[in-house]
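Hi everyone, thanks for coming. Let me put the model up on the screen, and then we can walk through it together.

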Amino acid sequence: MSKARRPSEMPEQLPDRLFATERRPEDFRFDASVARVFPDMIRRSVPGYTTIIPMIEVITEQYAQPGSYCYDLGCSLGASTLAMRHGIPYEDCTLVGVDNSEAMIERCEHYIALDDNHLPVTLRCEDILATELSNASVTTLNFTLQFVDPQQRASLLARIADATRPGGVLILSEKIRFESDSEQAIQTRLHHEFKRANGYSDLEISQKRTAIEQVLIPETLAAHRARLLAAGFDEVLVWYQCFNFVSMLAIKANTSDTD
Ligand SMILES: Nc1ncnc2c1ncn2[C@@H]1O[C@H](C[S@+](CC[C@H]([NH3+])C(=O)[O-])CC(=O)[O-])[C@@H](O)[C@H]1O
Ligand SMILES: O=C(O)C(=O)Cc1ccccc1
């Protein structure tokens, strides 16, 4: 007899209890245990995530160009990829999602297949530092650059800017740090209060903090801005901020604007 399947092959999603009991300190990794709880984890941990995702659709609709590539770098389970898919108004655009976690990409394939929009999506299980980029109109790094080795960030952004057409954009969402120690302390406390309001205990907050310390390296808004401009973008603006989480839009001017 054939095995009963969950409706439409929906991957199993669990609540995030990864840090609820005492565990030995180990660096955070995007493995299968994180992939299983990821939708719950990111929604309860990142202030503004549930607003940023639908806005990625709005921004993509504004900046996608016919016959271009749209990239979602660090696509995880495809929330930002699907937002881009729904925003792209041209059938001849190519949408590419890239993530180097096999567990994420495997589940992402299921979510893409369940979605009601049928623009083809190519998923690459690759390092975004090595993935090929060209002819881009919209590229998204939705909370991914923060996990890249700081030494590698400038060359990645330069590669993205080089691959971006005139009038194209990079949507860059990041956890940031602040130059002022007092602002850093206040914004961090507010972020932790947000997590507490979403049901995380002090133990979960403190163990997760230790686990991400060496792998999620936040930078200041000024550092992001300067590096995006040096990489070849012409304008950088913040379109969203909640506590220490921001989303920026880096724009390549239209050639007609710069003449
Ligand atoms: N060098 C790398 N190459 C490829 N993938 C990478 C790399 N470094 C990290 N990743 C991947 O980047 C993703 C970051 S999560 C993105 C959320 C998604 N954008 C969303 O809108 O839901 C953000 C977060 O967890 O805070 C993970 O899936 C990593 O495997
Ligand atoms: O949970 C946190 O404290 C964060 O800073 C955000 C986060 C979300 C998902 C994976 C790693 C970090």
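Let me start with a question: which helices each supply at least two residues of the shell around ligand 2? They are helix H1 (32-45) and helix H7 (202-212). Helices here are DSSP runs of H or I with at least four residues, strands are runs of E with at least two, and both are numbered from the N terminus.

Before I go on, some housekeeping: this is a predicted model, where local features need pLDDT of at least 70, side-chain atom pairs count only at pLDDT 80 or more, and totals for chains, interfaces and linings use all residues. Residues are numbered from 1 along each chain as its sequence is written, while chains are lettered from A and ligands numbered from 1 in the order in which they are written.

Back to ligand 2. Its shell consists of Phe28, Met41, Ile42, Ser45, Val46, Lys175, Lys208, Ile212 and Leu216, where a residue belongs if its C-beta atom, placed from the backbone, lies within 6 Å of the molecule. H1 gives the most, three residues. By class, six are nonpolar, one is polar and two are charged. For those classes, Ala, Val, Leu, Ile, Met, Phe, Trp, Tyr, Cys and Pro count as nonpolar, Asp, Glu, Lys and Arg as charged, and the others, Gly among them, as polar.

Now ligand 1. Here 20 residues make up the surroundings, and the closest are Phe30, Gly74, Ser80, Asn100 and Ser101. This shell has 11 nonpolar, seven polar and two charged residues.

Let's take two of them. Asn100 sits in the loop between strand E2 (94-98) and helix H4 (102-114). Asn142, in strand E4 (residues 136-142), is buried, with 26 other C-beta atoms within 10 Å. Setting aside neighbours within four places in sequence, Asn142 contacts Ile52, Ile56, Ser80, Ile171 and Ser173, a contact being two C-beta atoms, placed from the backbone, within 7 Å.

One more element, helix H8 (residues 221-231): His224, Leu228 and Ala231 are buried there. They cover an arc of only 65° around the axis, so they are on the same side of H8; the arc is that of the directions from the helix axis to the C-beta atoms. The face turned away carries the exposed Ala222 and Ala230.

Finally, the whole protein: it has nine helices and seven strands. Its radius of gyration, taken over C-alpha atoms, is 19 Å, close to the 18 Å of the globule rule for 259 residues, so the protein is as compact as a globular protein of that length. That rule is 2.2 Å times the number of residues to the power 0.38.

Note on methods:
A residue is buried if 20 or more other C-beta atoms lie within 10 Å of its own, exposed if 12 or fewer, and partly exposed in between; C-beta atoms are placed from the backbone.
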